[in-house]
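I opened the model and kept notes as I went. The entries below follow the order of my look-ups.

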Amino acid sequence: MSEAIDFDPPFLHPDYRSTVLRAPQRPLVRLPREWFHRSTGPVFGRIPVSPSDSDLTRQHPGEPQGQRIIVSGRVVDSDGRGVRGALVEIWQTNAAGRYLDPADQHPAPLDPNFTGAGRCLTDEEGRYRFVTIQPGAYPWRNHHNAWRPAHIHFSLFGPDLGSRLITQMYFPGDPLIPLDPILQSVPDPHGRQLLVCDFDLETTVPEWALGYRWDIVLRGSNATPMEDRD
Amino acid sequence: MPPFTPSQTVGPFFGFALPFPDGERADPGEGALRVEGQLLDGAGEPVSDGLIEVLAPDQFARCRTDPEGAFHVWVRKPAAEGDQAPHLDVIVFARGLLKHLVTRLYFPDEPEANAADPVLQAVEPTRRHTLVARAEPGALRFDIHLQGPEETVFFAV
């Protein structure tokens, strides 16, 4: 199997203060990859996914406040092949920059028509698509006057343990991006760019919603054999 | 060949999104084993905003930690595979972890299989115990230390 470039952040990135007491200090134990990749299929089948879970604007009686957007893309493996049947879970703030989570105490309004959580499975080509609302920036206490750039959290589960990924997707042109210690923990500028989606006129639906495109490359291999379609 | 999408932290605010009903019950049957533990940081303080996932070939559990850093799941002991002793894969996410961590839970009632397990053998002898759960009344105990003298062994996958 081919090896792709690793742009992951280090565990310890002191500018992001919470890493200081949580980053492991011993090196990871590296073992032959096949010792870990033994599942023959996805194990996440117990997680309920219904088709309506991919439209975050229709989970309540009314429409949420904010700019309606579509976020769509492809989940591929390191050989560029679509990963079909991958579980994609997202969560985000509402338009005002507030999470529904009770742990979020930012004094911005909640939206009774927006939860901010969605799920879907990728299709035969590895594609996913969510309809949601443009999330807001919000303050945090990492350092003086710290603000997180608007982002959507993505959790991905492909066919095996090696493909597990949780990450965050950012929006192009956000002035907070260079100031964010979490995104800046990715050491290489090209790696950081991989976490920024592209505005996409083809995904944009006329008179309805702006479209963004974001492709995701997972580690691991396709446990389910499929033909090369590229 | 495309580069891998980099990891980012799960952050503190996943609690309304990632947990799902009965997520901690990988095995809902009556004979399931209860595994409980605590997620601790380098100061020995509980990590109250962690997410633990436990996997075996046909089992999956997900549990967020509580204010004491505690988690629990219900599982069954998987069969041995080849020369590997029965074990569960464990994934750890938390605020402050820019990448998730992967470790393994081995069973205390399998001393012979554990002694022959190639993964345990690849780990320094003084750290192997961090991968073996302890038998307690009614449960197996598996604490996870992110840092410190008892730092759990984590694997590159």
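Which residue is the bridge partner of V29(A) in strand 10 of chain B? I looked it up: F155(B) is the partner. Strand 1 of chain A and strand 10 of chain B (residues 155-156) pair in the parallel sense, over two bridges. Strands here are DSSP E runs of at least two residues, helices are H or I runs of at least four, and both are numbered from the N terminus. Two strands pair if DSSP finds at least two bridges between them.

**Ground rules.** I am working on a predicted model, where local features need pLDDT of at least 70, side-chain atom pairs count only at pLDDT 80 or more, and totals for chains, interfaces and linings use all residues. Residues are numbered from 1 along each chain as its sequence is written, chains are lettered from A and ligands numbered from 1 in the order in which they are written, and side-chain values use heavy atoms, with hydrogens and water left out.

**Interface, chain A to chain B.** I started with contacts, meaning heavy atoms within 4.5 Å. On this basis 75 residues of chain A touch 67 residues of chain B. The two chains bury about 6,400 Å² between them, and 62% of it is on carbon and sulfur atoms. That area is the accessible area (1.4 Å probe) lost when two parts are put together, summed over both.

Next I took the polar side. I found 30 residue pairs in polar contact between chain A and chain B, both residues at pLDDT 80 or more. A polar contact is a pair of N or O atoms within 3.5 Å; within protein, one must be able to donate a hydrogen and the other to accept it, and residues adjacent in sequence count only if both atoms are side-chain atoms.

Then I asked which elements build the chain A side. Those giving two or more residues include strand 3 (87-91), strand 8 (151-157) and helix 1 (189-193) of chain A. Strand 9 of chain A gives the largest share, five residues. The residues on this side divide into 40 nonpolar, 20 polar and 15 charged.

S18(A) touches R95(B) and G96(B), leaving aside residues up to four places away in sequence. At 17% relative accessibility, S18(A) is buried. Buried means under 20% relative accessible area, exposed over 50%, and partly exposed in between (1.4 Å probe, protein chains only).

**Salt bridges.** The criterion is a side-chain nitrogen of Lys or Arg within 4 Å of a carboxyl oxygen of Asp or Glu. Four of them run between chain A and chain B.

One of these is E124(B) with R26(A), at 3.7 Å, N to O. E124(B) lies in the loop between helix 2 (118-121) and strand 7 (134-136) of chain B and R26(A) in the segment before strand 1 of chain A, so the pair joins two chains. E124(B) is partly exposed at 42%, and R26(A) is partly exposed at 33%.

Within chain A, D180(A) meets R148(A) at 2.9 Å, N to O. D180(A) sits in the loop between strand 9 and helix 1 and R148(A) in strand 7 (residues 146-148), so the pair ties together parts 32 residues apart in sequence. D180(A) is buried at 0%, and R148(A) is buried at 3%.

In chain B, R134(B) pairs with D143(B) at 3.9 Å. R134(B) is partly exposed at 46%. I then traced shared partners: E89(A), R119(A), R164(A), E53(B) and R62(B) join into one network.

**Hairpins of chain B.** Strand 2 (residues 50-56) and strand 3 of chain B pair in the antiparallel sense over six bridges. Two residues join them in a hairpin. A56(B) has Q59(B) as its bridge partner. Five of the six residues of strand 3 (residues 59-64) are buried, so the strand is largely enclosed by the rest of the structure.

Strand 5 (residues 87-94) and strand 6 of chain B are also antiparallel, over six bridges. I91(B) is bridged to V102(B). Six residues lie between the strands of this hairpin, and G96(B) in the turn has a positive phi of about 85°. Both faces of strand 6 are covered: L101(B), T103(B) and L105(B) on one side, V102(B), R104(B) and Y106(B) on the other, all buried.

Methods:
Nonpolar A, V, L, I, M, F, W, Y, C, P; charged D, E, K, R; others polar.
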